[in-house]
Amino acid sequence: MGFINLGNIQKGRSAFMGLAILWIIAFHYSFLQCQISKIGYLGVDIFILLSSFGLCFSLQKNNNYKDFIVRRLKRIIPTWWFLITLMFVINIILQRNHPHNLFQVFTYYSGLGWWFFHNEPFGIYYYEWYIPTLLTFYLFTPFLFRLNIKRLFLLLAASIICVTLLHYFCIIPRLSLSYQRVPTFIYGVILYKMYIRGADEKKIKVYLNLSAIAGVVIFLVALLFGTYGIILGFMFAMPLFFSICYKLLHVKLGIVLSFIGTLTLELYILHLYNMPLYAVMKLVGNREISIVLTTIILIAVSYIVSIVMRKAIKK
């Protein structure tokens, strides 16, 4: 366990993001129907932890709250709105589910549909949960960044207790996808604080080793017995997971994954729209081959969209 190195999180961040999005696609598309594919939702937890860890570097350079929020919004909102507008138009043309009035359009573009309405009596249409969750986490990141590591650990413990109680008593289960990731986001900030204090400190090494062992045990028990705790166990095991991946990644594979990792926002949003996969499946027939071809197509489209959006934002 001695090779756990928090520096690897930052060094391999883009490659880990690329690995995470491919894992999520494998989960949503049920690629190969294997156990690894079935827990591909953990790719989101990789996103969440890497986001909070990386945001701390940004805040270290400039911790002005307004500047931070503006930078984050400029990174997310234009691409998000552009892609969901594209899907909005396609759905209208194909007469599929889409917002039908101004209030629904507002909740669609603001992300509030995820937090409050959920197609209940109001008939509100919401797109997905991850972007609204991430944007909400961004609002609190500067406050987390200002806390010392002891207070962050207390907050982490409190969040784990709250999430466990919410899960056990089935309180607001429709928002579980979001609130289950709160501890992971906080843990990313903790890992950053440990990193800047020095990865060679004995106490940090001991903690990382023990927490990784505990995380692996919790993860395996939860996985084997189908109990609550897979996300929690994976969270504590992630520093070990990153270090193993960093050691195993071949240079060329790392370059490919790093490239894909720069397109995760575009690729994440686009892959949720299943029409390309259905179209390819009609032509090819084989599901696994169709998934691979569709993923390649989506990567190419994501790259084009990223270039267009960068130029548009600069202007």
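## Before we start

A residue counts as buried under 20% relative accessible area and as exposed over 50%, with partly exposed in between. Keep in mind that this is a predicted model.

## A positive patch

With those cut-offs in hand, take Arg310: its relative accessibility is 47%, so it counts as partly exposed. You'll find Arg310 in helix H17, which covers residues 287-314.

Together with Arg75, Lys311, Lys314 and Lys315, it forms a patch of positive charge on the surface. Helix H17 supplies the largest share of that patch, with three residues.

## A nonpolar patch

Now for a patch of another kind. Val206, Leu210, Ile213, Val217, Leu220, Val221, Leu224 and Phe225 make up a nonpolar surface patch of about 790 Å².

Val206 sits in helix H12, residues 202-225.

## An enclosed helix

Helix H11 runs over residues 182-197, 16 residues in total. From first C-alpha to last it reaches 23 Å, close to the 22 Å expected at 1.5 Å a residue.

How many of the residues of H11 are buried? It's 12 of the 16, so the helix is largely enclosed by the rest of the structure. Among the buried ones are Pro183, Phe185, Ile186, Tyr187, Gly188 and Val189. Lys193 is on the buried list too, along with Tyr192 and Met194.

Note on methods. Residues numbered from 1 in each chain as written. Predicted model: local features only at pLDDT ≥ 70, side-chain atom pairs only at ≥ 80, totals over all residues. Heavy atoms only, no water. Patch = residues over 30% accessible without salt bridge, like charges linked within 9 Å, V, L, I, M, F, W, Y side chains within 5 Å. Areas by Shrake-Rupley, 256 points an atom, 1.4 Å probe, with all protein chains shown as cover. Salt bridge = Lys/Arg side-chain N within 4 Å of Asp/Glu carboxyl O. Lys, Arg positive; Asp, Glu negative; His and termini not counted. Charge placed at Lys NZ, Arg CZ, Asp CG, Glu CD. Helix = DSSP H or I, 4+ residues; strand = E, 2+ residues; numbered from the N terminus. Buried < 20%, exposed > 50% of the residue type's maximum accessible area, 1.4 Å probe, protein only. Expected span 1.5 Å × (residues − 1).
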